[in-house]
Amino acid sequence: MPQPPVTRRDALRGLAVVAAGLAAACDAAPVPPEAVVPLADLAAGRRVRVLVGGKPVEVVSDAGAIHARYLVCTHMGCLVTWHEDRERYVCACHDGLFTRSGRPVGGPATEPLVEVPFTLEAGEVVFRRPGGA
Ligand code: FES
């Protein structure tokens with residue numbers, strides 16, 4: 001029995017179905033996290049560093065809450081480090097000082113250290129790219 005000829009419209013419809021299937025498959029594919037920190041690693045006030053978006057992030061548990069913030073000075077982008085003896089984040093570039101919560105209290109910076117969004121999943125602090133699953 002002869003098959004009817006395939007029209008251009010039939011071919012385009014078939015391509016649309018394939019494209020929709022591929023898009024659905026891509027949406028469903030799990031996106032691996034950029035960084036994961038087990039909550040157990042934050043015990044006793046330990047500070048853990050990870051990279052998120054190529055920038056250093058410090059994760060710490062403070063007064064029962066988890067905080068994650070970029071270790072990047074909001075003045076001109078130098079690295080800040082935590083100094084336990086001073087109870088301050090210190091930026092060596094221009095003597096910037098930030099409190100435990102990231103609020104600027106010295107030097108030229110006027111904006112707080114930037115908090116990094118995360119989710120808590122099965123006992124881990126998980127960082128994903130915006131738009132990722
Ligand atoms: S870059 Fe940090 S105080 Fe200027």
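The legends below describe close-up views of a predicted model.

Residues are numbered from 1 along each chain as its sequence is written, and side-chain values use heavy atoms, with hydrogens and water left out. Because the model is predicted, local features need pLDDT of at least 70 and side-chain atom pairs count only at pLDDT 80 or more, whereas totals for chains, interfaces and linings use all residues.

**View 1. An open sheet of three strands, in the order β2-β3-β4.** Strands here are DSSP runs (E, at least two residues) numbered from the N terminus, and two strands pair if DSSP finds at least two bridges between them. The pairing in this sheet is antiparallel, and β2 and β4 stand at its edges with a single partner strand each, so one side of each is left without a neighbour in the sheet. From one strand to the next the twist averages 25°, where axes are lines fitted to C-alpha atoms and angles run from 0 to 180 degrees between N-to-C directions. Six bridges join β3 to β4, and valine 59 has alanine 68 in β4 as its bridge partner.

**View 2. The loop between β3 (55-62) and β4 (65-70), with alanine 63.** Although alanine 63 is not a glycine, its phi is positive, at about 55°. With 81% relative accessibility, alanine 63 counts as exposed (exposed means over 50% relative accessible area, buried under 20% and partly exposed in between, with a 1.4 Å probe and protein chains only).

**View 3. The hairpin of β9 and β10, which has two residues between the strands.** Three bridges join β9 to β10, and these strands run antiparallel; threonine 119 stands opposite valine 126 in β10. Alanine 122 lies in the loop between β9 (119-121) and β10 (124-127), where alanine 122 takes a positive phi near 50°. The relative accessible area of alanine 122 is 83%, and this residue is therefore exposed.

**View 4. The largest nonpolar core, with 13 residues.** A nonpolar core is a set of buried Ala, Val, Leu, Ile, Met, Phe, Trp, Tyr and Cys residues joined through side-chain atoms within 4.5 Å. The residues with the most contacts inside this core are Val37, Val50, Val52, Val57, Val59, Val116 and Phe127. At least two residues of the core come from each of β1 (35-38), β2 (47-52), β3, β4 and β10, and β2 gives the most, with three residues. Valine 37 touches Leu42, Val48, Val50, Val59, Glu124 and Val125, not counting residues up to four places away in sequence, where contact means heavy atoms within 4.5 Å. Four bridges join β1 to β10 in an antiparallel arrangement, and the bridge partner of valine 37 in β10 is valine 125.

View 5. A search of the whole structure finds two aromatic pairs, counted when the rings of Phe, Tyr and Trp (its six-membered ring) have centres within 6.5 Å, with planes under 30 degrees apart called stacked, over 60 edge-to-face and the rest tilted. Tryptophan 82 counts as buried at 14% relative accessibility, and tyrosine 89 counts as buried at 0%.
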